[in-house]
Amino acid sequence: MERAPQVVASPEGCGVSPNRLKRREWLKQAGLLSVSAPLGLLSHESARILAAQDPDHSVPREPTPALPAKLFSFDPSLYRFTAEEDAFLDELEQACFLYFWEQANQKTGQVEDRGSADGGTPRNASSVAATGFGLSALCIAASRGWEEDAAVRDRVRATLSFALKNVQHQHGFFYHFVNGESGQRILNSEVSPIDTCIFLCGVLTCRGYFDDKEIQGMATECYERVDWNWMLHGGQTLAMGWTQEQGFMKARWDSYSEMMMMYLLGMASRTHPVPATEWSAWQRPRFEFNQIAYIGAQGPLFTHQYSHAWFNFRGVHDKYGDYFANSIIATKIHKLWCLELTDRFPDYAEDLWGITASDSEHGYAVWGGPPAMGRIDGSVVPCATGGSLVFLPRECIQVLQNIREKFGKRAWKKYGFVDAFNPLTGWASLDVLGIDAGIILLMAENARTGFIWEQFRKNPEVAKSFELAGFQANPKG
């Protein structure tokens, strides 16, 4: 069965069209990283180099032995947006939320994988990840009063009930893409652990936020029916997926990426937990850019964002590193790398940068860097900086406001930013992707209030997962 001609997007950042690189082939390549290094802590020298390049960041004190370095004296959690910035973020968040409100099946709550940036009738091709972002979006909307509380609760109940009774699954893991009306698998998609986990993070956010026994009961059932050991398939790391035609995929989630949420949720499960040793089973490759060291992946910028949308890694570390500080470094490096491309793409500047997996003029593109990947052409992807607001708030909001001001007619539509646009050619995507609008919305709210982090951590499994993974508070001073 051939895929439909529509280009679709994956939370793994690997959208596919019939004529482009298959999503799972890229994931397989990403899992077989050419960079290898012993597990270790981030280099304190990385902070010194970055500080020299950016006078706004001072050099931190020497780190406590055997603990990750504090890479910046500036704590993003202490950033205070100006009244103008906060008003802009509020407008952006409401526009993103509108996508999840309108581009979801009104009866089933399943959210479209993508939709027209100008609005319009849903295309009836939902992704479980977009629905997970949508559940988190509903919590924000209820908190901020964007919709009536009763209507929001009804939507949450409908979504959870349909997921439990109608959405096709295997051992609690959902298929990547489903028909929004029937809940049945479409596009020959795989049973996807990462997409399921994004959905579960939305489910648990609702369980934390809504004081509603029905919602909490269904949320618990969704989480606790997942058989994590089935997806291990006899290995030490989770398989990337399963199809009824070919069984388990050979590639595994065995290296640093957006997948940290999977192991944390799996370890903390009351019903089907994976061993806590799984946290040490995946690799943490050491990358360098201009002598700046960090834990990385040969993948787009979203790999440093997604788990952080729900799990708050600020102020804690495990024996391998400080993942929040690491994402700050990775985001800063991405910006520096974009600015080094200005000889080829003069549109990139201090207030215009950011490339991550997105639409492009030639279909869905898995692009970004460093190291450079994909056919980079000067396009700008708003969710690259929107999804990094908690890491570099001042620098990222500068980009987002600049895009709205200078390119608003092309780059801003009914649901906020279009998925991507090219200032050099005039091209702009006609669509919004649920996962990209979702990461902007959640990270904007976390940067403003920490709301999603606060609601998510009300679930006792969150603290349990951090304890099992060996996280400790960072030393003060």
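Student: Which ground rules apply here?
Tutor: In this predicted model, local features need pLDDT of at least 70, side-chain atom pairs count only at pLDDT 80 or more, and totals for chains, interfaces and linings use all residues. Residues are numbered from 1 along each chain as its sequence is written, and side-chain values use heavy atoms, leaving out hydrogens and water.

Student: How many aromatic pairs are there?
Tutor: The structure holds 33 aromatic pairs.

Student: Why is the pair of Phe173 and Trp230 called tilted?
Tutor: Rings of Phe, Tyr and Trp (its six-membered ring) pair if their centres lie within 6.5 Å; planes under 30 degrees apart are stacked, over 60 edge-to-face, and the rest tilted. Here the centres are 6.1 Å apart and the planes stand at 35°, so the pair is tilted.

Student: What makes Phe313 buried?
Tutor: Buried means under 20% relative accessible area, exposed over 50%, and partly exposed in between (1.4 Å probe, protein chains only). Phe313 has 1%, so Phe313 is buried. With 12%, Phe471 is therefore buried too.

Student: Which aromatic cluster holds Phe313 and Phe471?
Tutor: One cluster is formed by Trp279, Trp282, Phe311, Phe313, Tyr323, Phe456, Phe466 and Phe471.

Student: How do you know that Arg284 lies over the face of Trp279?
Tutor: The test asks for NZ of Lys or CZ of Arg within 6 Å of the ring centre and within 35 degrees of the ring normal. Arg284 lies over the face of Trp279 at 5.5 Å from the ring centre. Likewise, Arg404 lies over the face of Trp412, at 4.0 Å from the ring centre.
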